[in-house]
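Trainee: I would like to go through this model with you. Can we take the whole chain, then single elements and residues?

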Amino acid sequence: MDAQETVDGLLEVLSLDVSGARTTEDIFTGISHPMPTGRIYGGQVLAQSVIAAERTVAEGRILHSMHGYFLRPGDASKGITIAVDRIHDGRSFSTRRAQAYQNGVPIFSMIASFQDDGPGLEHAAPMPEGVPDPETLANDEALSPDIHPLSQRMLTDRPVDMRHVDGPIYVDAGAERVAAQAVWMRMRAPLPDAPSLHRASLAYLSDMSIQESILRAHGLSWAEHGLKVASLDHAMWWHRPARVDDWLLYVQESPNARGGRGLAAGRIYTRDGVLVASVAQEIMIRVPSAD
């Protein structure tokens, strides 16, 4: 699958249809990415829920935050129904609840907030210094030739070019145990100019690799025998606009792991150091050797 095909596939997934069904909520339907594992990628349902919620908000009122919970694993062979509840429309803020369903039960639930754009106080944490340019790094596929064919297919078929600054951990996490990492990422081909599409696509990207700061802290790779990882919740704050088909640096760290759960936090920067978004996610993580 070439770069344009992978991105066209993402655009198809994000092109939700308005359902003919009518309730007290706005109903949208969509398709899923085919996945070798059979399970829906969490970033997909995040992005679809963002798209659905934003379609119910007045033009010019911009998404600035979301908080969501992954309730059940989704089936990538089936479609998704998303119901949006117009909870509140105020003078400058709007609030929406979006729930994604399969087989009549919710698999993801999200609250999102939108605001009219305007002036105000401004500051931002700076991007780390000394990070190598993405062109100097090999992409993840080139550095992971020995992974399982299904995993290799997930890398080559995804619409994202990812380049780990310290190398990917699909097979080996390396000797250094540090609860942090940085990853360059961008879409493999240009996207349309619509800002709402880039915001949703940033949500799609935000679920990729953020869990790895937890794994690196314990010297674990994705190939660890018996490793089980599942996203529990996801929060995201959009600070400034950015294009996801330009290089973005995802700086990640894990402040805590305990009781079979790990917390990861991330900041996303443009190539020239502008802070675009902040992310937090808690995961379930189980390792047989730690039981």
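Trainee: What share of the accessible surface belongs to carbon and sulfur atoms?
Mentor: Keep in mind that this is a predicted model. The accessible surface of the protein totals about 14100 Å². The part that belongs to carbon and sulfur atoms is 51%.

Trainee: How many helices and strands does the protein have, and how compact is the protein?
Mentor: The secondary structure comes to five helices and twelve strands. For 291 residues the globule rule gives 19 Å. The protein is as compact as a globular protein of that length, because its radius of gyration is close to that, at 19 Å.

Trainee: What percentage of the contacts join residues at least 24 apart?
Mentor: Count contacts between residues at least 6 apart in sequence. Among these, the share joining residues at least 24 apart is 72%.

Trainee: How far apart are the mean positions of the positive and negative charges?
Mentor: There are 26 positive and 37 negative charges in the protein.

Trainee: Is helix α2 enclosed or open, and what is its reach?
Mentor: Buried means under 20% relative accessible area. In α2, 13 of the 13 residues are buried, so the helix is largely enclosed by the rest of the structure. Helix α2 runs over residues 42-54, and 18 Å is expected at 1.5 Å a residue. From first C-alpha to last, α2 reaches a value close to that, 19 Å.

Trainee: Is Ile214 buried or exposed?
Mentor: Ile214 lies in helix α5, residues 212-217. Leaving aside neighbours within four places in sequence, its contacts include Ser254, Leu263 and Ile285. Its relative accessibility is 1%, so Ile214 counts as buried.

Trainee: What separates the C-alpha atoms of Ile214 and Glu282?
Mentor: Along the chain, Ile214 and Glu282 are 68 residues apart.

Trainee: Which residues does Asp89 contact, leaving aside neighbours within four places in sequence?
Mentor: Asp89 sits in strand β4, residues 80-89. With a relative accessible area of 46%, Asp89 is partly exposed. Beyond the neighbours left aside, Asp89 is in contact with Ser94 and Arg96.

Trainee: What is the C-alpha to C-alpha distance from Asp89 to Ile169?
Mentor: In sequence, Asp89 and Ile169 are 80 residues apart. In space, C-alpha to C-alpha, the distance is 44 Å.

Definitions and conventions:
Residues are numbered from 1 along each chain as its sequence is written. This is a predicted model: local features need pLDDT of at least 70, side-chain atom pairs count only at pLDDT 80 or more; totals for chains, interfaces and linings use all residues. Side-chain values use heavy atoms; hydrogens and water are left out. Helices (H or I, at least four residues) and strands (E, at least two) are DSSP runs, numbered from the N terminus. The expected span of a helix is 1.5 Å times one less than its number of residues. Buried means under 20% relative accessible area, exposed over 50%, partly exposed in between (1.4 Å probe, protein chains only). The radius of gyration is taken over C-alpha atoms; the globule rule is 2.2 Å times the number of residues to the power 0.38. Contact means heavy atoms within 4.5 Å. Accessible areas come from the Shrake-Rupley method with a 1.4 Å probe; for residues, only the protein chains shown count as cover. Lys and Arg count as positive and Asp and Glu as negative; His and the chain ends are not counted. The place of a charge is taken as NZ of Lys, CZ of Arg, CG of Asp or CD of Glu.
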